[in-house]
Amino acid sequence: MDRNTVIGFVLLGVLLFAYLYLSTKNQHELAVQKAMVEDSISRVKAREAAAARLRDTSSKTVQLTADTAGSKSAINGVEKTLTVENELLRIEFSNKGGQPVAVELKKFKKYDSTPVMLVDPASGNRFSYNVLLDKNQAQPVADLYFREGQVVKNADGSQTVSFSLPTNGGASLVHQFTIRPNDYRIDWNVVMTNPGQLFSNSSLNLSWRADLNRTQRTVTEESRFLSVCYSEGNEFDFISRLTDKTFDRPVQWLSISQQFFNTTLMAGPDGFTSGNVHVIKETADSSRTLAHLDASLQAKVPAAANVTMPFQLYYGPNDFSILEKQAPGMTKIIDLGRGMYSFVRPINVYVIMPVFGFFKSHIASFGIAILLLTLFIRLITSPLVYSSYLSGAKMKALRPEIEAMKKRVGDDQQQAGMEQMKLFREAGVNPLGGCIPALLQIPIFFALYSFFSSNIGLRGEHFLWSHDLSSYDSILHFGFSIPGYGDHVSLFALMAVVTSFLISLYGMSMTPDQSNPAMKYMPYIMPVMLLLFFNRLASALTWYYTVSNVITLALQFVIQNYIIDHGKILAKLQENRSKPKTKTKWQERLEQMQEAQKKAQQTQPNRRK
C-alpha cells in the first residue's frame, strides 16, 4: 500500500467521520402500489360504514344543539376518559378536545423497560382548531368538553369512538376515530353540519403540538436522528437542523420522527393548503423529552350543509414494511440515506435490506445474520480487494529501486517525485491502483451505517455481551464522561479498533516509500480517531466492522502468500520496462508542472543573491 493508497483510506475515514457528524421501481414499486390500492379500498369501505352510522348520530346531535345551554356545557364540562386498544396500540381518549391523550405501543419498551408512549398524558400533546360556539366567540376545540365518548364495535373487527360537541343553533361537530385490528393507523373524521356557523372564512386552522419523549439511553445520541419529515406537493423533504419551515404548497402529511418511532398526521385527498412548523430540541442528557413541535396547518372547509373532513394519525415504529403501506413517501422517514448521502439509499433498499432479510428469515440470531451479511458484502467486493492487494504487491516489488533512487537524488523532493513517476510508468504500475478500489467501497460503508443505525429490528436484541444491538455495548461504566470518548467502554469498538490497527500495520509493510514521517505515524493515529467515534456507535455496526476487519486480515494473508506470485510480478514489471512507452496527456502535463516547479525553486535562490 503506497502513499496514494494511504491517502485514499484517510479520505475514506474523513468522509466517514463527516457522515457520522452530519447525521447528528420495478417489482418492489408494483408491490407497494398494490398494497396501497388494497389498503385504500379497505379504508373507503370502512368510511362508508362509518358514514352510515354517523347519519344516525348526526340526527340525534342536531336535536341536542337546539339547547341554548350547549355552549356553556362545552366550556364548563367534566373531563372523562375511555380506553380502546387493538393488538398493537392502547389509546386513551378524552372528551376534553375529543381526541387521544395517551398512546402506548404495546410491543415496544423504552430503555428503562417501561412502555413506549408516543403520546403521554403528562405532556402537552394535542390537536386543536377554533370553532364559533356563539356569534363572534371563537374557542379552541382542545379546551372544549365534548359529550362522553361512545364506542361501537364494527363487523370488520374495527372500533369507532365518537365525540359530539354541544353547540347552539343548527350546527353540529363530531370527532370520530376508527381503530382497526393490527394497525398503527387511526382514521380521524371531523364531521360537521352547517359548518358555516362553526368556522369563519370556511377554513379549518389545525394546530398540532407534540412533545417527543426519549426512548433510548441518551438524549444526545437519539437527538442525532430526530427530524421533521413531510410531503409537500407530493415530494418528500425533511428538516433536521433548521427549527422552522413554512409550507407554500399543499401538504399531504407531516411527521415528527425519532430514531425508531414516529407520529404522523395525514391529510385528506386535498391536503393542507398551507402551514408552518416550529421545532425546539432539548439538549440536556437528563431530559425525558427530545423535542417540542408546534405546527399550524390550514385546510379548506367545503361549502356544503354536511361535511366530513378525513384525517389519519399514525403512531408506530419506523418499520419499512409497515410505512410503505401508509401514505406515499413515508418510507423515507427512515434515514437510509438522505440529503447529500441519498445516493446510498438504493443500496440499502434494493441490496442490503433484502439480503439481510433473507438471512434473518432463516436464522434467529441477529448477530449471526450480521456476520453472514458481512461475508456476502466482502464476497461481492472481493474483486476490488484483490485489485488493491495486487497493486500493493507491485509497489512492494519496486521498493528497493525507490529506496536506491532516493539515495541518488538526496533531499530533492521534487526530483524524487519525478523519478518515482517515471519508475511507475516504466514498470506499468498505476499509483492509484490501491486507492481507487478503496474509494469505490465508500458508498457501502455509508449505506451500512445508515442501515444499522435505523433498523428497528435490532432494537432490544441480545448478542454475546451486547444487550441491545441498536445501541452501544458496554463492559465498563466510568461513572463520569470523558470528553470525546464517553462514560463507558465498548468491547466491540475496541475489537474493531485493534483489528483496524493490525490492518494498518500490514498496509505499512507494503508501502514502497516509508520515509514520510506522517505515513509512519498513520497506523497509530487512525485507530485513536476511530475509537473516539466507534465507542458510541450501535454495537451492530461495530460488530460488523470487527467481522469485516478479521476477514480483511485473513484475505491479506491468503492473497499475499498463496494467490499472488511475487516472482511473476517482478518478472512482469521487468517485461513492461522493455516495452515502448507512450505518455498520456495527463502524465505529460504532470511532468511539465514538476519541471516548471523545479526550475522555479532553482531560480529563487539566485534572485535572493
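Mentor: Axes are lines fitted to C-alpha atoms, for helices over the stretch in contact, and angles run from 0 to 180 degrees between N-to-C directions. Helices (H or I, at least four residues) and strands (E, at least two) are DSSP runs, numbered from the N terminus. This is a predicted model, in which local features need pLDDT of at least 70, side-chain atom pairs count only at pLDDT 80 or more, and totals for chains, interfaces and linings use all residues. Residues are numbered from 1 along each chain as its sequence is written, and side-chain values use heavy atoms, with hydrogens and water left out.

Trainee: At roughly what angle do the axes of helix 7 and helix 12 cross?

Mentor: Two packed helices are described by the angle between their axes and the distance between the axes. The axes of helix 7 and helix 12 (residues 442-454) come within 13 Å, and they cross at roughly 165 degrees.

Trainee: How many nonpolar residues does the contact of helix 7 with helix 12 have?

Mentor: Contact means heavy atoms within 4.5 Å. Ile370, Leu373 and Ile377 of helix 7 meet Ile444, Leu448, Phe451 and Phe452 of helix 12. Ala, Val, Leu, Ile, Met, Phe, Trp, Tyr, Cys and Pro count as nonpolar, Asp, Glu, Lys and Arg as charged, and the others, Gly among them, as polar. No polar and no charged residues take part, and the nonpolar ones number 7.

Trainee: How is helix 6 oriented to helix 7?

Mentor: The axes of helix 6 (residues 345-362) and helix 7 (residues 366-380) come within 9 Å and cross at roughly 130 degrees. Helix 6 is therefore, relative to helix 7, oblique.

Trainee: Which element has the lowest mean pLDDT?

Mentor: pLDDT is the predictor's confidence in each residue, from 0 to 100. The chain averages 79, and 70% of the residues score at least 70. Among the elements, strand 2 (residues 89-94) has the highest mean, 95, and the lowest, 44, belongs to helix 2 (residues 26-64).

How values were computed
Angles under 35 degrees count as roughly parallel, over 145 as roughly antiparallel, 65 to 115 as roughly perpendicular and the rest as oblique.
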